[in-house]
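Subject: Structure for you to look at

Hi,

Here is the structure I promised to pass on. Please open it next to this email and follow along.

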2 protein chains.
Amino acid sequence: MTFSLSKIINLDPPTFVPDAVIVGAGVIGLSIAWRLSQKGMRVVIVDPKPLGGASWVAAGMLAPVSEANPGEEELVRLGLKSLQRYPSFVKELEDFSQMEVGYISSGTLEVGLDANDRAEIEFLHSFRSKLGLETKLLDSTATRKVEPSLSPGIQASVSIEQEHQVDNRLLCQALLKAVYLGGGYFYQATIAELKFDEKKPLKTLVAENGIKISSPNIVIAAGAWSGDIKGIIPQLPIYPIKGQTLRVRLPESYLGYQKIIRGLAKGYHVYMVPRKHGEIIIGATVEDKGFDTTITVEGIYELLRNITSLLPNISEATIEETLAGLRPGSPNNAPILGSFATQGLFVATGHYRNGILLTPVTSDALSDCVIDQVDPAYIEYFSPNRFLKDA
Amino acid sequence: MTFSLSKIINLDPPTFVPDAVIVGAGVIGLSIAWRLSQKGMRVVIVDPKPLGGASWVAAGMLAPVSEANPGEEELVRLGLKSLQRYPSFVKELEDFSQMEVGYISSGTLEVGLDANDRAEIEFLHSFRSKLGLETKLLDSTATRKVEPSLSPGIQASVSIEQEHQVDNRLLCQALLKAVYLGGGYFYQATIAELKFDEKKPLKTLVAENGIKISSPNIVIAAGAWSGDIKGIIPQLPIYPIKGQTLRVRLPESYLGYQKIIRGLAKGYHVYMVPRKHGEIIIGATVEDKGFDTTITVEGIYELLRNITSLLPNISEATIEETLAGLRPGSPNNAPILGSFATQGLFVATGHYRNGILLTPVTSDALSDCVIDQVDPAYIEYFSPNRFLKDA
């Protein structure tokens with residue numbers, strides 16, 4: 001990181017009553033905190049390890065189209081809205097934080113290795129076209145014209161021009177700095193429980209160390225850990241979905257990757273996101289293993305096998321980092337956004353594979369929720385109250 | 001490491017004239033230094049980074065038989081001599097250092113995955129039998145009786161009962177401690193040049209920082225770096241051979257590997273050495289890349305592919321460490337051992353893949369060379385003077 005976390009994080013619990021407490025210092029929690037502080041609120045962010053979750057492990061693809069699967073039409077709409085908001089969001093954040101976040105208009109190439117992969121690519125192309133999404137089907141020759149390093153065996157691809165990338169780690173750092181510059185207050189602790197009385201405006205968060213923090217507004221944005229806080233009704237159906245990733249670097253002579261490559265290699269999904277200066281992020285496994293972040297032989301082997309079958313040149317890369325993160329999984333892969341029945345209690349989690357993409361729209365929506373005490377219409381579908389048993 | 005290097009290494013250059021200076025603090029240099037100090041010599045070991053070379057990366061296989069290839073008969077004889085010496089060497093070292101070094105009589109199983117691998121295994125079995133080595137050919141069923149975790153596809157194997165293992169890292173630490181307890185003196189520096197005058201008994205080593213150390217006896221044991229010291233005649237034909245390795249750990253439920261498994265998987269060599277408590281060392285690539293110790297996609301991918309094709313259960317392991325070392329390669333893979341034409345100048349390097357195995361015999365031979373000023377007959381074949389141009 002270009003600046004030390006320890007310099008900008010105050011470890012003491014706050015002695016005042018903040019206007020809002022955000023539980024979770026990933027991109028979602030930080031962006032909401034930043035927005036609220038811009039609107040004049042005094043905010044506190046509570047997290048045992050800021051940026052210790054999925055935000056730091058992510059690849060930063062802004063991919064509402066290539067992530068679009070049947071049954072997820074509402075999610076696609078939200079993703080496209082956030083994608084459209086990205087350039088202005090980045091400009092605001094970069095101006096405020098005085099840091100660059102590596103937003104690049106690269107486009108995605110989604111490739112299929114064998115005949116079955118080709119069939120799947122064609123199916124997704126047709127599904128997305130029906131949704132009105134702009135995708136273009138390319139044959140093998142046309143695909144390798146776009147990206148000559150691809151294996152000659154590639155059967156077909158879909159080119160998606162409007163998908164971009166952001167450097168998730170630069171985004172993390174810029175948001176952290178923005179919250180700090182905006183007067184936000186950090187407290188390193190794990191929240192165990194929420195206590196409230198419908199008749200009283202102040203809600204109280206109790207940390208594992210026993211310290212309490214009260215505020216009229218509480219936003220739960222704790223990623224995969226959001227379901228573990230006691231006292232929230234309904235309990236959030238969030239579960240961790242492990243993703244192992246690799247960060248590799250190609251020798252200078254091999255540079256020149258422009259596009260994000262997503263691929264199906266004999267039925268296995270893999271992607272690679274080329275950063276400036278030769279760093280490449282390769283991901284990601286999708287594993288239901290609980291709160292486990294170990295790096296496994298199987299996970300790393302499959303990523304390496306799949307990516308080298310698509311892009312043989314990657315063999316020459318050096319491995320700089322292997323790491324695993326826990327995505328906040330939720331029913332039908334849709335995030336949980338907005339206010340609970342309890343006034344002053346809000347949530348923004350369950351972003352699954354789309355946390356970086358959905359950061360702008362989530363921060364806009366949730367800051368509006370808190371300030372106006374009314375949820376904007378475009379997040380209605382994602383309300384936490386859909387999980388109330390009598391709903 | 002179980003004790004800190006910094007506690008036992010004195011960083012200052014010595015102010016006395018030692019009886020011998022050893023260049024290189026790997027297992028070879030340390031074991032020679034220990035032996036010489038036991039015989040009453042005051043020794044200094046010079047190394048920029050003690051245990052920073054191949055010794056720490058090795059797997060600790062004691063494998064003169066499964067490493068035996070045509071043309072290497074002299075090397076096999078030396079290896080067998082060292083293997084025979086191992087139990088008493090370990091006992092002496094463990095008694096002196098009061099540390100265990102994890103010597104285990106495990107045996108090796110050398111397996112072949114497909115028909116071509118089987119043919120190669122059978123050829124090696126026949127070659128080794130002709131050398132009088134004890135190896136036993138097993139068919140697929142018999143192989144899987146010995147090690148049920150092996151892939152059902154395994155075609156054949158050779159069982160080598162007399163090959164064992166030592167925990168190379170425990171060996172490193174025990175030797176370091178033994179040198180320290182024996183009164184040896186460490187100096188952290190890179191030796192750039194040797195200066196001497198045939199008429200004077202003292203030879204002088206000049207470090208990169210300009211500091212000089214003089215002694216009547218100099219032993220070059222700097223592994224892959226041994227050829228880089230100026231002023232040595234003949235210049236040693238040593239070149240670094242990179243090896244990438246993995247250290248993984250299996251869940252408790254999978255434990256039970258006893259034997260070292262070496263294998264040919266579709267023509268690719270791979271091995272795995274099971275330690276006590278579930279750690280497994282997987283190795284190793286053999287690469288001619290100069291002084292490069294990067295971890296590459298190709299290297300790690302091939303190791304994972306090859307080992308999981310032999311032992312599918314390894315997929316469940318967690319990856320704890322990836323690292324690369326530089327073996328000291330030499331012509332016809334034979335070490336370079338003994339005295340130069342210049343009196344008081346000795347060498348012990350070029351151990352290639354056999355450094356851990358050859359530690360006992362090398363330390364015995366070189367300490368005899370220094371004390372007696374005559375090379376023992378059994379290392380004659382390995383003399384550095386074979387590289388003199390007029391020889």
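Below is what was found, starting with the ground rules.

This is a predicted model, in which local features need pLDDT of at least 70 and side-chain atom pairs count only at pLDDT 80 or more, while totals for chains, interfaces and linings use all residues. Residues are numbered from 1 along each chain as its sequence is written, chains are lettered from A and ligands numbered from 1 in the order in which they are written, and side-chain values use heavy atoms, with hydrogens and water left out.

**Chain A overall**

Chain A has nine helices and 19 strands. (Helices, H or I with at least four residues, and strands, E with at least two, are DSSP runs numbered from the N terminus.) The radius of gyration of chain A is 21 Å, close to the 21 Å that the globule rule gives for 391 residues, so the chain is as compact as a globular protein of that length. (That radius is taken over C-alpha atoms, and the rule is 2.2 Å times the number of residues to the power 0.38.) The C-alpha atoms fill a box of roughly 65 × 45 × 40 Å along the principal axes. Of the 391 residues in chain A, 59% are buried. (Buried means under 20% relative accessible area, exposed over 50%, and partly exposed in between, with a 1.4 Å probe and protein chains only.)

**One buried residue**

Find Leu310(A) in helix H8 of chain A. Leu310(A) is buried, at a relative accessible area of 0%. Beyond its neighbours within four places in sequence, Leu310(A) is in contact with residues including Val111(A), Ser149(A), Ile154(A) and Val270(A). (Contact means heavy atoms within 4.5 Å.)

**Where the chains meet**

Chain A and chain B each give 17 residues to the contact. Together they bury about 1,400 Å², 73% of it on carbon and sulfur atoms. (Buried area is the accessible area, with a 1.4 Å probe, that two parts lose on being put together, summed over both.) In chain A, Val297(A), Tyr301(A) and Ile319(A) lose the most area to chain B, together 41% of what that side buries.

(A salt bridge is a side-chain nitrogen of Lys or Arg within 4 Å of a carboxyl oxygen of Asp or Glu.) H8(A) gives the most to the side of chain A that touches chain B, with seven residues.

**Salt bridges elsewhere**

A search of the whole structure finds 36 salt bridges over all chains. Here are some of them.

- Glu321(A) pairs with Arg169(A), with the closest N and O atoms 3.1 Å apart. Glu321(A) is in strand S17 and Arg169(A) in helix H7, 152 residues apart. Glu321(A) is partly exposed at 27%, whereas Arg169(A) is buried at 12%.
- Arg353(B) pairs with Glu67(B), with the closest N and O atoms 3.0 Å apart. Both lie in loops of chain B, so the pair ties together parts that are 286 residues apart in sequence. Arg353(B) is partly exposed at 28%, whereas Glu67(B) is buried at 12%.
- Glu92(B) and Arg85(B) meet at 3.3 Å, N to O.

In chain A, a network of salt bridges links Arg35(A), Arg85(A), Glu92(A) and Asp364(A).

Best wishes
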